[in-house]
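Dear colleague,

Please find below the structure I said I would pass on to you.

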Amino acid sequence: MQKSGVHRLKNHFNDSFYIGAALNLGQVTGKELGADSLLNLHFSSISPENGLKWGPVHPKEGEYNFEFGDAYVALGEKIGSFTIGHTLVWHQQTPAWVFQNGEGQFLNQADLIKRMEDHISTVVGRYKGKIDGWDVVNEAFEDDGTWRKTHWYTITGSEFIKAAFRKANEADPDVALYYNDYNVWKPEKRKAILDLATELRAEGIRIDGIGMQGHYRLNSPSLDQIEQAILDIHAAGFEVHVTELDVDVLPRPSDSDGADLNINYAESDEWNPYKNGLPAEVEKQLIDRYVSIFQLFRKHQDKITRVTFWGLHDGRSWLNNWPVRGRTNYALLFDREMKLKPGFLEAIAN
């Protein structure tokens, strides 16, 4: 791991935006060897990968598990990071009991919203003043801009989103509040998100920013598509947060974009071509892609608050298991030895 200050990733963007990484339990508790040094050297913001999602933090009615959350915010305070909470309301990793009564029947709108509000009050309230920004609602729209037909939506319509933002603001009036989604570079989806965010504001409901997940591939989306999303979010009056950034270098069985966890394929050698290392020419394509993306981000540094990688290093990237399980992927800037891949900082400094 590089020790010289000149090689620290965050130093190159101190005057531009926060540089973040998503962390798991082993990393926040210090059990993963070397993770703390990597984090301290290179990152100015942290996000929780899974530990503050509903399932891990609130697995049963009346039962909360704050082991991860307490260690996570303590780490954030220790290193002085811009600390993100992720995520309060999502259709994935939410236990079935959340939507049901004791007889297994679906709740009505009022009871589900009350259950959601209690969850938000408890979690946001516990970390009031310790978390700087919350992803309040995650992935409520399909790519074509229609509502995702989750239990949240089918039971409450869009009311769950309005209630979630109201309650998060009530629990911590000083924390920043975000809506987060993938494929925001697709115009139909982006329009739906911005229409919603604008409607919330018109009704006096606070929403500060839009998280545009950066689950990209080597050749898509185009820089123009990413740039238009930045411009549109900013023009609508919201902070731009680039969240969950990674670049998938592996082929996929389908042309699926984004991060829909319902799309998953069994382990297969056919779709795992680089088990023994990334070929030099592919690594060059990866670095070139990252350089071009960050040049675009720096061009719009007046609009972007934060850029967060979805993982600390390749060994912990979720793309080792999605959309094909058990693969060896190389999606981040730090490799499995926690070393910064060569060429990126040199190019970005010029």
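A residue is called buried here when its relative accessible area is under 20%. Please keep in mind that this is a predicted model.

By that cut-off, strand E1, which spans residues 18–23, is mostly covered, with five of its six residues buried. Strand E1 has pairing partners in E8 and E2. With strand E8 (residues 304–309), E1 pairs in the parallel sense over four bridges; within this pairing, Tyr18 stands opposite Arg306. With strand E2 (residues 45–48), E1 likewise forms a parallel pairing, over four bridges, and here Ala21 stands opposite Ile46.

I turn now to the cavities. In general, rolling a probe the size of a water molecule over the atoms shows where empty space is left. In this model, three cavities of 30 Å³ or more were found, and the largest cavity holds about 60 Å³ of space.

Which residues lie nearest the centre of the largest cavity? They are Asn138, Glu139, Ala140, Thr150 and Phe160, out of 13 lining residues. Strand E4 (133–138) and helix H6 (151–156) each contribute at least two residues to this lining. By residue class, the lining of the largest cavity comprises eight nonpolar, three polar and two charged residues.

I would be glad to receive your comments.

Yours sincerely

Notes: Residues are numbered from 1 along each chain as its sequence is written. This is a predicted model: local features need pLDDT of at least 70, side-chain atom pairs count only at pLDDT 80 or more; totals for chains, interfaces and linings use all residues. Side-chain values use heavy atoms; hydrogens and water are left out. Buried means under 20% relative accessible area, exposed over 50%, partly exposed in between (1.4 Å probe, protein chains only). Two strands pair if DSSP finds at least two bridges between them. On a 1 Å grid over the protein atoms alone, a cavity is a set of points where a 1.4 Å probe fits but cannot get out, and a pocket is an open set with protein on both sides within 12 Å along at least five of seven lines; lining residues have an atom within 4 Å of a point. Grid points are joined across faces, edges and corners, and a volume is the space filled by probe spheres set on the points. Ala, Val, Leu, Ile, Met, Phe, Trp, Tyr, Cys and Pro count as nonpolar, Asp, Glu, Lys and Arg as charged, and the others, Gly among them, as polar.
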